[in-house]
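Me: Here is a structure I have not seen before. Please walk me through it in short steps.

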Amino acid sequence: MTKTEKIEQILKTAEIHERIVCESTEIDSKTKPYFLELSKFTKDCLNDKTKAGKFSSYQIKSLENELLTYWNETISVETEKFWSEILIQKLDINRKEPLKFALSKNRFRNVEQGIGARKYWRELKIIKSIKDQYSESEIKKIDQIIDEDEKNRIGILKKCLSKKTIPKSQYLKFGECMAYFTSCGLFDTYMTEKDVYELHEIWRNFKS
């Protein structure tokens, strides 16, 4: 692929990025302006033929990587929509796939991906792009990974609640579990309001 072709590809990717971000119901209102500024910056750089002509292949690739970071690291309906658009337009872009990582390691790479899977997997697993990529057994395995992730996290929270303390070695994991249950709206499923209040108090009073 020539440099000109690569630039055209990134510009098309930026258009897809911008359209999905503008229409998004998943990206919060504070983050949207950053994402839109990112696509504007990318297009401004690459539409300026004088400036773009001086970019090295590394600099062009860096612009592409920055634009793709969110779409490579998230699990959501809109992420699948983004990559479906990439395929429809036949853009030659390699995708990093968190779900394939989860299948190979039996876990999610980080809590953000675990949250995305827990929130959106029920809807994701019935859409065409997922069915085309994953077998029925792989889809069932992802179901199991999500269930196990949730069980492990509630286990950590309940253990801390029963002991009224957070082990120093578990502090970061505790914070991740709190973020997971808050983002996924799961506290009501497992705990009373009093339990949740006590967890926040334990967290607030933690001494390193």
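**Helices, burial and loops**

Reply: Start with α1. Its 21 residues should span 30 Å at 1.5 Å a residue, and its end C-alpha atoms are 31 Å apart, so the two values agree. The expected span is 1.5 Å times one less than the number of residues. This is a predicted model: local features need pLDDT of at least 70, side-chain atom pairs count only at pLDDT 80 or more, and totals for chains, interfaces and linings use all residues. Residues are numbered from 1 along each chain as its sequence is written, and side-chain values use heavy atoms, with hydrogens and water left out.

Me: How many helices and strands are there in the protein?

Reply: Helices (H or I, at least four residues) and strands (E, at least two) are DSSP runs, numbered from the N terminus. Along the sequence, the pattern is α-α-α-α-α-α-α-α-α-α-α-α. The count is 12 helices and zero strands.

Me: What percentage of the 208 residues is buried?

Reply: Buried means under 20% relative accessible area, exposed over 50%, and partly exposed in between (1.4 Å probe, protein chains only). In α1, the buried residues include I7, I10, L11 and I20. For the protein, with its 208 residues, the buried share is 41%.

Me: Which helices are included in what covers the buried residues of α4?

Reply: The buried residues of α4 are I60, L63, E64, L67, L68, W71 and N72. Their cover is read from contacts, meaning heavy atoms within 4.5 Å. It includes α1 (3–23), α2 (32–47), α5 (77–88) and α6 (98–105).

Me: Is K164 buried or exposed?

Reply: K164 sits in the loop between α9 (136–163) and α10 (171–183). Its phi is near 60°, a positive value in a residue other than glycine. Most residues other than glycine have a negative phi. With a relative accessible area of 51%, K164 is exposed.

Me: Where is N106 found?

Reply: N106 has a phi near 60°, a positive value in a residue other than glycine. Its place is the loop between α6 and α7 (111–124).
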